[in-house]
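Please read these notes with the sequence and the model open beside you.

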Amino acid sequence: MKNNKCDGVPVSKHFEEGRAKARHYNGSTPKVDAESLWKQIEDVVVPQLGLSVIDHVVYVHLVRHSGLEGRRRLRFSILWLARNIHLSGGPTREAVRRLAAHGALRLIERSKAGHVAEVRLPEEIPGVRANAKRAREAARLSGAMGIEDMDFLKTLELRRAIHARERGRCFYCLRQVPARLASIDHVVPRARVGCNSYRNLVSCCMECNSGKGEHSAEEFVRSLFRERSMTAAELKNRLSALDALAAGKLRPTIPSVGGPGSQV
């Protein structure tokens, strides 16, 4: 995997540089170096925690208004946060919850008036560096090196691997889809810089592909629930599946890698 280095520099060195360049702010709280912090977030936190695009944006914005301004804690409302990053309240609230579950945030106070949270810098997030070591070892043992770089729209075989992963069902509405009518959709639309990674591609029915359009996948599945096209349990299942997809937990099976039926 290539996420253990940035510009040829080991990840651990970015943490050391960040601490070395930190300077005191208002006499007590250190103000971090912006360049080192950005590298830590992009090359350490995002890949190791498997942050979705929305989680990534929310975390960066909260760090911008806390660590980069020399503050350990931040008081904010979901409405303020959603407006600043141009999202609706629901996805923003869910992203805050996921970041807290990852340990990137420590929610100290939560009320209708707003949240008070400790926004943790990359080197403060529990287990981040340990996770990197375990991920590299797991990749080495399973022969999974390279899957993160694969373009799953490049060949017919790779596109079939995405369809096979969903086992003949639409990823969004869960209906059975005949193979000839199945299509591939970008979870994060290409217009929003969505990539062709297995983490961002799903097999779905043509109706869902057309209906989703340029909306985020989370917004779309919520709309299916509002239209009574799925139950509350199915909605919860789909939101969990989106998190698992972004975290790299839904890897497709590629027969040509490591022999027939091997998991990459």
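1. Helices (H or I, at least four residues) and strands (E, at least two) are DSSP runs, numbered from the N terminus. Arg73 belongs to strand S5, which covers residues 73–76. The protein has 10 helices and 9 strands.

2. The model is predicted: local features need pLDDT of at least 70, side-chain atom pairs count only at pLDDT 80 or more, and totals for chains, interfaces and linings use all residues. Residues are numbered from 1 along each chain as its sequence is written, and side-chain values use heavy atoms, with hydrogens and water left out.

3. Some words on cover. A residue is called buried under 20% relative accessible area, exposed over 50%, and partly exposed in between (1.4 Å probe, protein chains only). Of the 264 residues in the protein, 43% are buried. The protein exposes about 14,300 Å², and 52% of that comes from carbon and sulfur atoms. Accessible areas come from the Shrake-Rupley method with a 1.4 Å probe; for residues, only the protein chains shown count as cover.

4. Back to Arg73. Its relative accessible area is 48%, so Arg73 is partly exposed. Contact means heavy atoms within 4.5 Å. Not counting residues up to four places away in sequence, Arg73 touches Arg106, Ile108, Ala117 and Glu118. With Glu118 the separation is 45 residues in sequence, yet the two C-alpha atoms are 4.4 Å apart in space. For the protein, 58% of the contacts with a separation of 6 or more are between residues 24 or more positions apart.

5. Now the aromatic rings. Rings of Phe, Tyr and Trp (its six-membered ring) pair if their centres lie within 6.5 Å; planes under 30 degrees apart count as stacked, over 60 as edge-to-face and the rest as tilted. By this rule there are 3 aromatic pairs. One of them joins Phe152 and Tyr198, edge-to-face, at 6.1 Å centre to centre and 65 degrees between the planes. Phe152 lies in the loop between helix H6 (128–142) and helix H7 (156–165), and Tyr198 in the loop between strand S8 (182–186) and strand S9 (201–205), so the pair ties together parts that are 46 residues apart in sequence. Phe152 and Tyr198 are both buried.

6. Why is the pair of Phe171 and Tyr172 edge-to-face? The ring centres are 5.7 Å apart and the planes stand at 90 degrees, so the pair is edge-to-face. Phe171 and Tyr172 are each buried. The charged end of Arg238 sits over the ring of Phe171, 4.9 Å from its centre (the rule asks for NZ of Lys or CZ of Arg within 6 Å of the ring centre and within 35 degrees of the ring normal).

7. Helix H9 spans residues 217–226 and includes Ser223. Ser223 has 15% relative accessibility, so Ser223 counts as buried. A polar atom of the Ser223 side chain lies 2.5 Å from the backbone oxygen of Phe220. Leu224 is also placed in helix H9, and Leu224 is buried because its relative accessible area is 8%. Leaving out residues up to four places away in sequence, Leu224 touches Tyr172, Cys173, Cys208, Ser229 and Met230.

8. How many disulfides does the structure hold? The count is 0, where a disulfide is a pair of cysteine sulfur atoms within 2.5 Å. For Cys204, the closest cysteine sulfur is in Cys170 at 5.0 Å, which is too far for a bond. Cys204 is buried, with a relative accessible area of 0%. Cys208 is in no disulfide either; the nearest cysteine sulfur, that of Cys205, is 3.5 Å away. Cys208 counts as buried, at 3% relative accessibility.

9. Last, two backbone angles to check. Most residues other than glycine have a negative phi. Leu174 is not a glycine, but its phi is positive, about 70 degrees. Leu174 is found in the loop between H7 and S8 and is partly exposed, with a relative accessible area of 22%. Arg228, in the loop between H9 and helix H10 (232–246), has a positive phi near 65 degrees. Arg228 is exposed, at a relative accessible area of 77%.

Conventions
A polar contact is a pair of N or O atoms within 3.5 Å; within protein, one must be able to donate a hydrogen and the other to accept it, and residues adjacent in sequence count only if both atoms are side-chain atoms.
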